[in-house]
Amino acid sequence: MGFPSNRPRRLRSSPELRNLVSETKVGVDDLIYPLFIVPGHGVKKEISSIPGQYQFSIDMLLEEMKSIEDLGINSILLFGIPEWKDASGSSSFTSDGIIQKALDAIKNTNSNLFTIADLCLCEYTDHGHCGHIVKDGEKFDVDNDETLKLLAKQAISLANSGVDMIAPSGNMDGMVKSLRTALDENSFKGLPIMSYSVKYNSSFYGPFRAAVESAPSFGDRSTYQMNPANKREALREVKEDLDEGADIVMVKPALSYLDVIQSVKEASNVPVAAYNVSGEYSILKHAAKVGLIDEEKAINEVLTSIKRAGADIIITYFAKYYAEKLKR
Ligand code: PBG
């Protein structure tokens, strides 16, 4: 008995054919590589909670950037670990702040990498929260409007240092609008904003907080990060950010929220980014190390799933590995 003639072919017979008909391809230029910058000289220190990732001093960052660019990666996302912290995170908006100094140094190289700065206070506040805190005994609250002022200062300061895009991650109300207004008024009309629009209150940030020493010293972030149970709320957040002028919207984390990425993609008319966060990375790394999974296959599968869900851009610690080993 022959096959019915209208039976669809399964186009899987050779790797070349499988690749030809693959519906989803992750390009190296879809990826943004996060980097952690620390004070000092000659520092390239592995981050124990995020194996294979490092804290770099500015001189070492410039070296690292060359190898990133050589691999065909276009964009980097900078996180700073400042020399000092205070209650209002002022080291995030001084012209000699860690990221400002890094941007100054990058300007003097011939790097074409697109530089994005994470815009938040949590790495710079001594209490580790993302905003200006008002305490009342054991209770505390984030002062939204005061925080917006501090974030606007940080945005202007980073723009003055030549950053290519800012990525506000503080989840304050009216944040994108307030940043857009501040940038426009200070002659940075063309500077794009990639907003962490949908930011869940997630356990998967654990390794990152150890890396930047930003675990809150009291309370948690549940008052200003989203409940993982909510998806329609995510769409409201995205709509707000789009109305306020976000150029790119982001979902974070990625893997437990692939359905959210898909819905956000359907609901928005701007590029959608997804943050494949530190916990998602480190779990896979540890599993691969003890031989539980095939590292290359797993990384490929993870990045493909995020792209397939609808992400145009993936922020991932796997960027270099992918570019080195899996680039096709
Ligand atoms: C906030 C920020 C965090 C991450 C990126 N930006 C921490 C948080 O939201 O608590 C997490 C990234 C990761 O886990 O890889 N500045």
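V163 is found in the loop between helix 4 (144–160) and strand 8, where helices (H or I, at least four residues) and strands (E, at least two) are DSSP runs numbered from the N terminus. V163 is buried, with a relative accessible area of 4%; buried means under 20% relative accessible area, exposed means over 50%, and partly exposed lies in between, with a 1.4 Å probe and protein chains only. From V163 to L235 there are 72 residues in sequence and 29 Å in space, C-alpha to C-alpha. The model is a predicted one, in which local features need pLDDT of at least 70 and side-chain atom pairs count only at pLDDT 80 or more, while totals for chains, interfaces and linings use all residues. Residues are numbered from 1 along each chain as its sequence is written, and side-chain values use heavy atoms, with hydrogens and water left out.

A267 lies in helix 8 and counts as partly exposed at 46% relative accessibility. The table gives C-alpha separations for these and further pairs.

| Pair | Separation along the chain | C-alpha to C-alpha distance |
|---|---|---|
| V163 and L235 | 72 residues | 29 Å |
| N227 and N201 | 26 residues | 6.0 Å |
| S67 and K320 | 253 residues | 9.0 Å |

Of the residues in the table, N227 is placed in the loop between helix 6 and helix 7 (232–244), and with a relative accessible area of 41% N227 is partly exposed. S67 belongs to helix 2 (residues 58–70) and is likewise partly exposed, with a relative accessible area of 29%.

The ligand sits in the largest cavity. A cavity is, on a 1 Å grid over the protein atoms alone, a set of points where a 1.4 Å probe fits but cannot get out, and a molecule sits in a cavity if more than half of its atoms lie within 2 Å of its grid points. The elements that give two or more residues to the shell around the ligand are strand 9 (194–199) and helix 6 (206–212). There are 19 residues around the ligand, of which K199, R209, R221, S278 and Y317 come nearest; a residue is near a molecule if one of its heavy atoms lies within 4 Å of it. By class, the shell divides into 10 nonpolar, 3 polar and 6 charged residues, with Ala, Val, Leu, Ile, Met, Phe, Trp, Tyr, Cys and Pro counted as nonpolar, Asp, Glu, Lys and Arg as charged, and the others, Gly among them, as polar.

Polar contacts are pairs of N or O atoms within 3.5 Å; within protein, one atom must be able to donate a hydrogen and the other to accept it, and residues adjacent in sequence count only if both atoms are side-chain atoms. An oxygen atom of the ligand lies 2.6 Å from a polar side-chain atom of R209, and the side chain of S278 has an N or O atom 2.7 Å from an oxygen atom of the ligand. On the nitrogen side, the side chain of E123 places an N or O atom 2.9 Å from a nitrogen atom of the ligand. The protein covers 100% of the 400 Å² of accessible area that the ligand has on its own, with accessible areas taken from the Shrake-Rupley method with a 1.4 Å probe.

A polar atom of the Q55 side chain lies 2.8 Å from the backbone oxygen of A211.

N171, in the loop between strand 8 (165–168) and helix 5 (175–185), has a positive phi of about 60° although it is not a glycine, and N171 is buried at a relative accessible area of 15%. S187 also has a positive phi of about 60° without being a glycine; S187 lies in the loop between helix 5 and strand 9 and, at 64% relative accessibility, counts as exposed. The peptide bond from K252 to P253 is cis, with omega near -10°, and P253 is placed in the loop between strand 10 (248–252) and helix 8 (258–267).

Methods
1 Å grid on protein atoms, 1.4 Å probe; cavity = no way out; pocket = protein on both sides within 12 Å on 5 of 7 lines; lining within 4 Å.
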